[in-house]
Amino acid sequence: MAEWQATVEAVGLAMSGDREAGLAALMRAWEETREGDHARRCVIAHYVADLQPSLEDEVRWDEVALAEHAQVADADLAPVGITSAANMAPSLHLNLGDGYLRQGRRREAEAELEKGLQQRHELPADGYGDMIRGGLDRLRSRLDEATGEEDREA
């Protein structure tokens, strides 16, 4: 747990509403990681993305989070009470799909949505799971609207 301490504190600060201090703390925690610290890098990048001032940087950090997640095992997250690395995946795909859609990258957004939906069964039956399931549903609706708008313009 000691290696996670700075990460946990940085996430807490980021979630407290102080965006600047949270981002600074997360970036310090990132600097403390090594290349093989996939779990911590995944978690840090996931929260750093949400604090970015530009959509491009947000998407870039969401891509980093998802890439790092590919190397994360359940045991890697156990020190911070996350029992399943798999139940993080739908949230990561949701965030990246949302960013892609806001960038106008509809095909990439649809691909991320489909990956999130395929892993939706990994979500816990609790408030977190409900929030991510709702987010996936809203992303589907927004993609459907964007497709309808393209069809009307054609």
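How many residues in the lining of the second largest pocket are nonpolar, how many polar and how many charged?

Guide: The lining divides into four nonpolar, three polar and three charged residues. Here Ala, Val, Leu, Ile, Met, Phe, Trp, Tyr, Cys and Pro count as nonpolar, Asp, Glu, Lys and Arg as charged, and the others, Gly among them, as polar. This is a predicted model: local features need pLDDT of at least 70, side-chain atom pairs pLDDT 80 or more, while totals for chains, interfaces and linings use all residues. Numbering starts from 1 along each chain as its sequence is written, and side-chain values use heavy atoms, without hydrogens or water.

Now the residues. S91, L94, N95, D98, M131, I132, G135, R138, L139 and R142 form the lining. (A pocket is an open set of points on a 1 Å grid over the protein atoms alone, where a 1.4 Å probe fits, with protein on both sides within 12 Å along at least five of seven lines; lining residues have an atom within 4 Å of a point.) Helix 6 and helix 8 (127–153) each give two or more of them. Helix 8 has the largest share, six residues. (Helices are DSSP runs of H or I, at least four residues, numbered from the N terminus.) The space inside is about 150 Å³.

Helix 1 (5–15), helix 3 (38–50) and helix 6 (89–102) each give two or more. By class, this lining has ten nonpolar, four polar and no charged residues.

How values were computed. Points joined across faces, edges and corners; volume = space filled by probe spheres on them.
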